[in-house]
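Here is a short briefing to read beside the sequence and the structure. Please have both open as you go through it.

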Amino acid sequence: MSTRSAEPTPWAAAAKMIRHDLKRAFPTVTFKVRSDSYSGGCSIDIHWTDGPTTDQVERLTGRYQHGRFDGMQDLYEYSNSRKDIPQADYVHTTRNHSDAVTAAAVAFVNRAWGWNLAYEPNQYGRMAITNDGLRGNCSGWQSQDVYRTLYSLSLICPIGHATLPGDAYCPDCGHDLHPIDDEETNVSLAAVDWESTVNTM
Ligand SMILES: [Zn+2]
């Protein structure tokens with residue numbers, strides 16, 4: 001049975017608006033946005049590498065999710081439903097990190113703590129953080145600091161140039177990166193024009 005129709009599905013329409021919003025807020029970053037439906041729901045998956053933090057992206061994309069799954073009650077709660085924009089049941093975000101950025105984060109953490117972590121191919125030929133922490137029960141605790149660093153750092157300057165963990169200033173425009181300037185981030189997010197986004201659908 002065909003489900004094709006002239007109108008896009010709400011989740012496809014939401015994915016299109018998300019692509020548009022992300023392109024305006026972060027024009028230098030490539031996002032992969034996919035929508036999908038299945039028995040019992042629909043979702044949008046967003047993938048990108050380096051660039052903004054998950055929080056920065058979800059500040060833009062959260063409005064496209066109807067609500068959230070309540071594990072305690074085992075039901076989906078429509079706590080964020082809106083009439084003015086198309087929505088999906090779930091908007092998943094996945095931020096990956098390039099080898100260059102991960103290597104810079106390892107170097108940054110090593111400098112900060114006097115550690116000796118390395119980022120190199122492991123026995124399976126995949127890049128991995130090695131020389132990690134204490135062995136035994138505490139195995140791997142130092143690399144957790146690298147992952148925390150990667151998670152929390154925005155890797156673009158307010159103008160959109162790529163930066164590396166440990167950069168105090170943007171290498172391209174010299175913008176001060178510490179502390180992360182939330183005010184400017186909010187300005188660029190506020191610059192997304194929701195009205196015209198809806199009208200150009
Ligand atoms: Zn810059």
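In this protein, confidence is highest in strand β5, at a mean of 97, and lowest in helix α6 (residues 194-199), at 42. The score here is pLDDT, the predictor's confidence in each residue, from 0 to 100. Helices (H or I, at least four residues) and strands (E, at least two) are DSSP runs, numbered from the N terminus.

**Ground rules and confidence**
- This is a predicted model: local features need pLDDT of at least 70, side-chain atom pairs count only at pLDDT 80 or more, and totals for chains, interfaces and linings use all residues.
- Residues are numbered from 1 along each chain as its sequence is written.
- The protein has an average pLDDT of 86, and 82% of the residues score at least 70.
- Over residues 180-201 pLDDT stays under 50, and for this stretch the model has 21 contacts beyond four places in sequence. A contact means that the C-beta atoms of two residues, placed from the backbone, lie within 7 Å.

**The sheet and its helices**
- Three strands form an open sheet in the order β1-β2-β5, with mixed pairing; two strands pair if DSSP finds at least two bridges between them.
- At the edges are β1 (31-38) and β5 (90-96), each of which pairs on one side only.
- From one strand to the next, the twist averages 15 degrees. Axes are lines fitted to C-alpha atoms, for helices over the stretch in contact, and angles run from 0 to 180 degrees between N-to-C directions.
- β1 pairs with β2 (residues 41-49) in the antiparallel sense over 8 bridges, and S35 stands opposite I44 in β2.
- Helix α1 (residues 10-25) packs on the sheet and touches β1 and β2, its direction making about 170 degrees with that of β1.
- Helix α2 (residues 54-61) also packs on the sheet, touching β2 and β5, and its direction makes about 155 degrees with that of β5.

**A closer look at α1**
- The 16 residues of α1 should span 22 Å at 1.5 Å a residue, and its end C-alpha atoms are 22 Å apart, which agrees. The expected span is 1.5 Å times one less than the number of residues.
- Buried residues in α1 are W11, A14, A15, M17, I18, D21, L22 and A25.
- These residues cover an arc of only 165 degrees around the axis, so they lie on the same side of α1. The arc is that of the directions from the helix axis to the C-beta atoms.

**R148**
- R148 is found in helix α4 (residues 141-152).
- With 12 other C-beta atoms within 10 Å, R148 is exposed. Buried means 20 or more other C-beta atoms within 10 Å of a residue's own, exposed 12 or fewer, and partly exposed in between, with C-beta atoms placed from the backbone.
- R148 and A105 are 43 residues apart along the chain, and their C-alpha atoms are separated by 9.8 Å.
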